[in-house]
Amino acid sequence: MPSKKNGAPETVTSRIEIGFNDLKEKWPQAEAEYDDYGSLKILGHPVMEKWETNYMAALANVACKNGGTILELGFGLGISASMIQRHRIEKHVIIEANYDIFSELLKFSRDAPNQVIAIQGFWENCVKHLAPNSFDGILFDTYPLTESEIHKNHFAFFPYGYKLLKTGGIMTYYSDEKESLQADHLEMLRASGFNNIDYEICELETPDACQYWQDKTMVIPIIQK
Ligand SMILES: C[S@@+](CC[C@H](N)C(=O)[O-])C[C@H]1O[C@@H](n2cnc3c(N)ncnc32)[C@H](O)[C@@H]1O
């Protein structure tokens with residue numbers, strides 16, 4: 001069973017019960033299911049919930065601190081994307097793997113005040129087509145598509161984040177950390193090239209029924225190249 005650093009182990013076991021069999025293969029064409037309470041599910045997995053709005057706003061503030069060109073990975077309900085668009089930025093590149101959500105992203109891109117470049121696919125396949133040292137800010141928020149990625153699906157992105165950021169550029173992400181960055185997390189950041197590592201704490205109104213987070217705080221990473 002994957003280790004759980006923060007929060008309750010139930011968030012791991014409940015997702016294992018939902019199932020990861022061929023999840024990545026099925027993900028792009030799977031139906032995106034939205035409910036009246038602002039939740040998004042795919043193949044039974046709790047992908048995104050509206051209570052995260054203030055956390056998404058905080059992540060957008062960090063990613064957009066330098067303005068310029070912003071890379072976002074994972075569109076979901078488009079909450080962080082909307083928050084990014086409220087900032088003075090030049091360009092917003094968004095990568096999304098699921099086709100239903102990608103079609104929402106295309107609608108979003110038509111009405112957005114700042115230029116949006118929408119890319120369909122898994123970030124793992126798409127980032128090699130992006131120019132190194134070309135982003136002022138990055139916001140990473142995807143979803144674990146294998147059991148081993150639960151609570152650490154951001155780790156594999158760190159070396160790519162380092163490569164894609166301009167010097168002075170800032171990366172942030174859904175951290176899966178309650179109140180500090182744990183040793184394995186810091187190690188992954190440092191091994192990827194990051195030395196300027198900071199964070200703040202965000203207060204959350206996590207509903208008791210949430211299947212993927214059970215704490216009332218989450219770390220907002222502020223990682224500068
Ligand atoms: C948690 S949601 C993003 C929530 C978003 N930040 C918001 O504010 O609504 C995760 C999104 O990442 C997408 N996703 C999951 N794995 C991905 C991957 N490997 N590459 C690209 N998109 C991925 C999912 O389809 C989903 O739309």
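## Strands E4 and E5

Strands E4 and E5 pair in the parallel sense, over five bridges. Two strands count as paired if DSSP finds at least two bridges between them. Strands (E, at least two residues) and helices (H or I, at least four residues) are DSSP runs, numbered from the N terminus. Across this pairing, leucine 71 has valine 93 in E5 as its bridge partner.

The model is a predicted one: local features need pLDDT of at least 70, side-chain atom pairs count only at pLDDT 80 or more, and totals for chains, interfaces and linings use all residues. Residues are numbered from 1 along each chain, as its sequence is written.

## Burial of E4

How many of the five residues of strand E4 (residues 69–73) are buried? Five of the five are buried, so E4 is largely enclosed by the rest of the structure. A residue is buried if 20 or more other C-beta atoms lie within 10 Å of its own, exposed if 12 or fewer do, and partly exposed in between, with C-beta atoms placed from the backbone.

In a regular strand the side chains alternate between the two faces of the sheet. Both faces of E4 are covered. Thr69, Leu71 and Leu73 are buried on one side, and Ile70 and Glu72 are buried on the other.

## The seven-stranded sheet

E4 and E5 belong to an open sheet of seven strands, in the order E6-E5-E4-E7-E8-E10-E9 and with mixed pairing. Its edge strands are E6 (115–120) and E9 (196–203), each of which pairs on one side only. On average, neighbouring strands of this sheet are turned by 15° against each other, direction ignored. For such angles, axes are lines fitted to C-alpha atoms, for helices over the stretch in contact, and angles run from 0 to 180 degrees between N-to-C directions.

Strands of a sheet pair through backbone hydrogen bonds, either parallel or antiparallel. Strand E5 (residues 91–96) runs parallel to E6, and six bridges join them. Histidine 92 has valine 116 in E6 as its bridge partner.

## The three-stranded sheet

Three further strands form an open sheet in the order E1-E2-E3, with antiparallel pairing. Here the edge strands are E1 (32–34) and E3, and each pairs on one side only. Neighbouring strands of this sheet are turned by 30° against each other on average, direction ignored.

Strand E2 (residues 39–42) is joined to E3 by four bridges, and the two run antiparallel. Serine 39 has glutamate 49 in E3 as its bridge partner, and leucine 40 has methionine 48. E2 and E3 form a hairpin with two residues between them, and leucine 43 in the turn has a positive phi of about 50°. Four of the five residues of strand E3 (residues 45–49) are buried, so E3 is largely enclosed by the rest of the structure.

## Positive phi in two loops

Most residues other than glycine have a negative phi, and most peptide bonds are trans. Aspartate 22 has a phi near 55°, a positive value in a residue other than glycine. Aspartate 22 is found in the loop between helix H1 (10–18) and helix H2 (23–26). Is aspartate 22 buried or exposed? Aspartate 22 is exposed, with 10 other C-beta atoms within 10 Å.

Asparagine 133 also is not a glycine, and has a positive phi of about 55°. Asparagine 133 lies in the loop between H6 and strand E7 (135–140). Asparagine 133 is exposed, with 11 other C-beta atoms within 10 Å.

## Around the ligand

Which residues come nearest to the ligand? Of the 23 residues around the ligand, these are Gly74, Gly76, Ile79, Ser80 and Ala97. A residue is near a molecule or strand if its C-beta atom, placed from the backbone, lies within 6 Å of it.

The shell around the ligand has 14 nonpolar, six polar and three charged residues. Ala, Val, Leu, Ile, Met, Phe, Trp, Tyr, Cys and Pro count as nonpolar, Asp, Glu, Lys and Arg as charged, and the others, Gly among them, as polar. E3, helix H4 (79–85), E5 and helix H6 (123–126) each supply at least two residues of this shell.

## The whole protein

The protein has eight helices and 10 strands. Along its principal axes the C-alpha trace spans about 40 × 40 × 30 Å. Of the 225 residues, 38% count as buried.
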